[in-house]
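Here is a friendly walk through one protein chain, written for someone who would rather look at the model than read a table of coordinates. Please keep the picture open as you read.

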Amino acid sequence: MKKPLKSYLLAPGPTPVPPQALLAMAQPIVHHRSPQFKPILEEVKEDLQYVFQTKNDVLILASTGTGGMEGAVTNTLSSGDKAIVVRAGKFGERWAEICEAYGVEPINIDIEWGRCVTPEQIKAALEKHPEAKAVFIQAHETSTGVKFPLKEIGEIVKDKEGTILVVDAISAMGAMEIKTDAWHLDVVVAGSQKALMLPPGLAFVSLSEKAWRFVERSNLPKYYFNFAKERKSLAKNQTAFTAAVSLIIGLRETLRQIKEIGLENIIAHNQRLSEAVKAAVKAMGLKIFTKEGLSEVVTAVEAPHGIDAQEITKIMREDYGITIAGGQAQLKGKIFRISHMGYVDEHEIIMVIAALERTLIKLRYNLTPGVGLKVAQEILLKDK
Ligand SMILES: Cc1ncc(COP(=O)(O)O)c(C=O)c1O
């Protein structure tokens, strides 16, 4: 047989969609202003607050996560504002690029890729630039597998009336601990195609009362991503423009599942899978790329010396039907990334390790089959 019979997604977005959500989304379209749709939006609205751990509204936008990031900039800031940006990977760079596109001056804290920003660095940047209107950061920098100390950073920004903390939690929401209100995260952006287990196409944004005061003063151009307008519509269980009805109906299913399992159990599951993958690749003699703040969302692994990481992802996909991710930008060819968030179970982790062993052996890497599997099995055999 030439081609693999089945295909599996273990990349950090898009992630697999559970069959219940796929079936729900296959239903005939309902009208977005109809009485059938409003209760769906109402339920989703409440369940999003559970996942975000917030009492604030969570806006639902028909766009990818980047649309939510762009809206977070254009709705809270004004032209000529300065903002501190943590640039520790591809997505930190995106915050700076959006700021520049709208005439906001980024004050970049550049961190070596694979390492973590410290709360002290944020504190020092704010002391040096008290005029900064915002601190932009990721919860989890997907390009490097680093998670940032949001709770501690929230403590620093919370008392600064003139500064908000804006968090890209696109690959973190529903996968790792994010306590929006308790940690004083003023703006939090999430996306549908990661741990929320849906196809790409929805962005979610929560804003604190402090952030809404920034919205009132913001003068940057905005039309489609108009948060004040979305908030008004949401109060009537609607969206400002035509709602992505099918995706929202799918979202109702996945949010129900998340609530039923419980966020804490999901996070513990991800930690367990992450531990198994990290230990297995190390047992195979490979090096984890991430130096600090290792996340339970993805495992970023350095390709062995003399092997291009793109060869690894290609064989995984073409020979074994498994999509993992390569490295982005400067890490292209150097690392590969295995995701363990969303609708992924223990057997798929065993499968990905087995396929990785075979791939590396095909690439003439010196490996005894089963060394990674043994370690992964031992970890997954431990009681939950
Ligand atoms: C941390 C982070 N930010 C932003 C994005 C961009 O999201 P989207 O591709 O949905 O616009 C991603 C996608 O991988 C991400 O992981």
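How many Å separate the centres of domain 1 and domain 2? The answer, taken over C-alpha atoms, is 28 Å. Before going further, note that this is a predicted model, in which local features need pLDDT of at least 70, side-chain atom pairs count only at pLDDT 80 or more, and totals for chains, interfaces and linings use all residues. Residues are numbered from 1 along each chain as its sequence is written.

**The two domains**

Domain 1 covers 8-15 + 262-381, and domain 2 covers 19-260; these bounds come from an automatic or database domain assignment. Where they touch, domain 1 contributes 28 residues and domain 2 contributes 27 residues, with a contact meaning C-beta atoms, placed from the backbone, that lie within 7 Å. On the domain 1 side, helix 10 and strand 12 (298-302) are the elements that give two or more residues. Helix 10 gives the most to that side, with four residues. The domain 1 side divides into 14 nonpolar, 10 polar and four charged residues. Here Ala, Val, Leu, Ile, Met, Phe, Trp, Tyr, Cys and Pro count as nonpolar, Asp, Glu, Lys and Arg as charged, and the others, Gly among them, as polar.

**Helix pairs**

Two packed helices are described by the angle between their axes and the distance between the axes. Helices (H or I, at least four residues) and strands (E, at least two) are DSSP runs, numbered from the N terminus. Axes are lines fitted to C-alpha atoms, for helices over the stretch in contact, and angles run from 0 to 180 degrees between N-to-C directions.

| Helix pair | Angle | Axis distance |
|---|---|---|
| Helix 10 (263-283) and helix 12 (346-362) | about 15° | 10 Å |
| Helix 2 (37-52) and helix 9 (245-261) | about 45° | 9 Å |
| Helix 5 (119-128) and helix 6 (150-157) | about 25° | 9 Å |

Helix 5 is therefore roughly parallel to helix 6, and helix 10 is likewise roughly parallel to helix 12, whereas helix 2 and helix 9 are oblique to each other. Angles under 35 degrees count as roughly parallel, over 145 as roughly antiparallel, 65 to 115 as roughly perpendicular and the rest as oblique.

Helix 10 passes helix 12 in a right-handed crossing, while helix 2 passes helix 9 in a left-handed one. A crossing is left-handed if the near helix is turned anticlockwise from the far one by less than a right angle, and right-handed if clockwise.

**The ligand**

Around the ligand you will find G13, T64, G65, T66, F91, Q138, T142, D168, I170, S171, G191 and P200; a residue is near a molecule if its C-beta atom, placed from the backbone, lies within 6 Å of it. This shell holds three nonpolar, eight polar and one charged residues.

**Backbone details**

Most residues other than glycine have a negative phi, and most peptide bonds are trans. The peptide bond from G13 to P14, however, is cis, with omega near -10°. P14 sits in the loop between strand 1 (8-9) and helix 1 (19-25). Q53, in the loop between helix 2 and strand 2 (58-62), has a positive phi, near 55°.

Terms used: Two residues are in contact if their C-beta atoms, placed from the backbone, lie within 7 Å.
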